[in-house]
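Hi,

Here is the model I promised to pass on.

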There are 2 protein chains.
Amino acid sequence: MSLSAPALERADANLPASLERLFDLIRIRSISTDPAYKDECRKAAAWLVAELSAIGFDASVRDTPGHPMVVAHNNEAGEAAPHVLFYGHYDVQPVDPLNLWENDPFEPAVREAKSGRKVITGRGAADDKGQLMTFVEACRAVRETAGKLPVRVTILFEGEEESGSPSLKPFLEANAAELRADFALVCDTNMWDAETPAISAGLRGLVGEEITITAADRDLHSGYFGGAAANPIHILSSILAEMRDADGRITIPGFYDGVEETPDEIKAIWDKLGRSAEDFLGEVGLKKLAGEKGRSVHELTWARPTAEVNGIWGGYTGEGFKTVIAAQASAKVSFRLVGAQDPAKVRAAFRKFVEERIPEDCSVSFHEHGGSPAIQLPYDSPLLNTAKDALSGEWPKPAVMIGMGGSIPIVGDFQKLLGMDSLLVGFGLADDRIHSPNEKYELTSFHKGIRSWIRIMDALANQPA
Amino acid sequence: MSLSAPALERADANLPASLERLFDLIRIRSISTDPAYKDECRKAAAWLVAELSAIGFDASVRDTPGHPMVVAHNNEAGEAAPHVLFYGHYDVQPVDPLNLWENDPFEPAVREAKSGRKVITGRGAADDKGQLMTFVEACRAVRETAGKLPVRVTILFEGEEESGSPSLKPFLEANAAELRADFALVCDTNMWDAETPAISAGLRGLVGEEITITAADRDLHSGYFGGAAANPIHILSSILAEMRDADGRITIPGFYDGVEETPDEIKAIWDKLGRSAEDFLGEVGLKKLAGEKGRSVHELTWARPTAEVNGIWGGYTGEGFKTVIAAQASAKVSFRLVGAQDPAKVRAAFRKFVEERIPEDCSVSFHEHGGSPAIQLPYDSPLLNTAKDALSGEWPKPAVMIGMGGSIPIVGDFQKLLGMDSLLVGFGLADDRIHSPNEKYELTSFHKGIRSWIRIMDALANQPA
């Protein structure tokens, strides 16, 4: 019997009360984008501070220029214990169109879904009130049975995640010493499926660039000049086309520097997850994998870098036809980065690639649209494997380490501002309808999510140094 | 002494009065695009009818749904004589911005330009009132000396050329029998330079196409789908890039069917005209010839076909950045045609070229934007050579046969609806500022233009059958 068995039993016994507390939180209309709900946001923060204070945290509402943060500490485990920062957000998305909701979004309940499974309905049930409460209730069950938490815990709940987190970076910078821990636990992601927990071990980075190619100093008549004058749309098209070869590889010299092959055993696990190209692309009306040939959906979207044109424009684009050779053509291009790819080097390599292809009487200008490196925990990281084992003990199927194709800004901020890795574990499902009407969170996600955190805290406390 | 010598002398003697008549016409504010000047357009038509009637034409104002046409006939030469249709337009461009005019645009005068040359100033001085009056005054001088014209002449003056000629085609169709002649004389073009008359022997044709490539059935997130899902901007860029090879040749199979090499002697003449790439492109801030390698400016713009992208758009094109993979990307593409290229075949070949490059899970749609074949008089055509010799007798330098890169719709309409070739002879100069403030027509253009038509009519009448 594991050390956490009493806490797990307590969590089961607490479930009805845990749900009532979650419902209380969901009833608070903490819509961060709408100034009309400013007081509700503060009310949610205060409610959380009260709850955390009741279970042994030194908790406070912390003002920002926007909605307040909640910061709470529990150091009962002692200075020698591992120290985690748990992150979640108490704000929610707006609820319109309200008429599409089958139930009042702020009157939560456990209902039986068409799937036959029990779900918690309401705005924020999954994103992120239900998720963050799994951790709070886990702490409660542990403290009620063991008298204290096995690890040092700092909690950070944000109230602006759904509105761009304007206060987050300044707050992290101003409170770095207080918030820095050994690593962060971020609970805002999904399971692989209803039976399989997932840990996101990698997040792709991003480099955004905008380029404008200028040929003539004015728009030209394509009859008079056509065939003799440079057309910037041709130049742009050719460069974009040249950027990838027939096998879908990016041809920019040095682009793949820092990209490592995914270990075979990880690829084997991904293959077993069984998401085919048809599964993945079929939902959006496609069926054939684009991009690098000979790689699976998971490799392509989690572990390989990309170059995508996100926008292109030039010349006449209105109704009808205009026989013009444009003076300029532009594109927005982004690169998803993996492994150790350096955003600054990728940007420089792209610019050089473009510049080398601009005819001598034409010119190009570049505009930077941000850049961040990939975040990748080594697949053999003890942190990852401890969490994986703990999760595998709770759920019907073993936990899988996956990647994420996009970026989660908070993870980059923790890395950059606090020097901390993040463990991304969440219990949402793809069909939770977050940001949409009829948001739900599986009752199993909530219940076993609580139990999962009990196991993870226990495992972290007992992890060999 | 040529047969036309007395008429030429009379034209010289008439010049002051000819100018006064041109001034009268310029004073009529026949701006066809502005409904406020509707009555002025009719007034110009009536004025022309009166002038033509006074010199032996059976002339009338002919109503259309828009501004009226002027049609006039003179058959004094007898049924056996060649029959020409002379085309010009009496409407003019608007004059704004008025404050940029150095003189009242509707108060014409002969003034000394900075060039030291005498010029006729005013809106329409060159485009096209000054040009069409060269022919009217030529007819006058011939009739005053020979008693009749040496060729049968039908005149068609349009009043909607500057506003898209909406009434022209229906009018040509409805009056085909009346308007059909052996060939048309179109006087709305330029000389090569102030000393060198030019005849446009070829006009490029045009095929316009719009294509839209559809990949997914919605816009996708480039983090989640990037690397796996087809990006229609990539597909479009690649197709456009593939459409031309490294030497600037169009790679669409069959595209060059019907394209013939320009005869060496014509190329030699063009080379002697001495317009370098730097001359031609320098005015618009470029210096290097794009398009097919190893060909001169004149070949590229007059005698070679092109494929130009006139517009391109797809994805996010606003401020900032959006990490989207667009569902669709579009382009407007046009082909300039030469020789015997068939617009329908070029369009079909392009569509096949595109369709073959669309991935099986994506699609493409096409939208047609018109098509017309090139018009090319054989360089050894007797008509061309007769006119060339006549012009060469008048001007300091021999006339040159040139091409035109763009289309002149009237020439295509004459070809298609009346089965007539057109001889394009005009006396404008590139710096006449047509459509701009301070439009002018060289006094020499007007004077020697009149004399040129006298010579041309004489030569046509005496042309060996």
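At what angle do helix H3 and helix H13 of chain B pack, and how far apart are their axes? Before I get to that, some housekeeping. This is a predicted model, so to speak of local features I need pLDDT of at least 70, and side-chain atom pairs count only at pLDDT 80 or more, while totals for chains, interfaces and linings use all residues. Residues are numbered from 1 along each chain as its sequence is written, chains are lettered from A and ligands numbered from 1 in the order in which they are written, and side-chain values use heavy atoms, with hydrogens and water left out.

Back to the helices. H3 (residues 129–146) and H13 (residues 443–461) of chain B pack at about 55°, with axes 8 Å apart. Helices (H or I, at least four residues) and strands (E, at least two) are DSSP runs, numbered from the N terminus. Axes are lines fitted to C-alpha atoms, for helices over the stretch in contact, and angles run from 0 to 180 degrees between N-to-C directions. That angle makes H3(B) oblique to H13(B); under 35 degrees would count as roughly parallel, over 145 as roughly antiparallel, 65 to 115 as roughly perpendicular, and the rest as oblique.

Contact here means heavy atoms within 4.5 Å. On the H3(B) side the contact residues include B:Met133, B:Phe135 and B:Val142, and on the H13(B) side B:Phe446, B:Trp453 and B:Met457 are among them. By class, the contact has eleven nonpolar, four polar and one charged residue. Ala, Val, Leu, Ile, Met, Phe, Trp, Tyr, Cys and Pro count as nonpolar, Asp, Glu, Lys and Arg as charged, and the others, Gly among them, as polar.

Chain B has another helix pair for you. H1 (residues 5–27) and H2 (residues 38–54) of chain B cross at roughly 155°, their axes coming within 9 Å, and they are therefore roughly antiparallel. B:Arg21, B:Asp24, B:Leu25 and B:Arg27 of H1(B) meet B:Glu40, B:Ala44, B:Trp47, B:Leu48 and B:Glu51 of H2(B). This contact of H1(B) with H2(B) has four nonpolar, no polar and five charged residues.

Now the two chains together. The same surface serves both copies, as 99% of the contact residues of chain B recur in chain A.

H6 (residues 232–242) of chain A also packs on H6 (residues 232–242) of chain B: the axes come within 8 Å and cross at roughly 115°. H6(A) and H6(B) are therefore roughly perpendicular, and the crossing is left-handed. Ser237, Ser238, Leu240 and Ala241 of each chain make the contact.

The peptide bond from A:Asp127 to A:Asp128 is cis, with omega near 5°, and A:Asp128 lies in the loop between strand S5 (118–121) and helix H3 (129–146) of chain A. B:Asp96 and B:Pro97 are also joined by a cis peptide bond, with omega about 0°.

Cheers

Technical notes. A crossing is left-handed if the near helix is turned anticlockwise from the far one by less than a right angle, and right-handed if clockwise.
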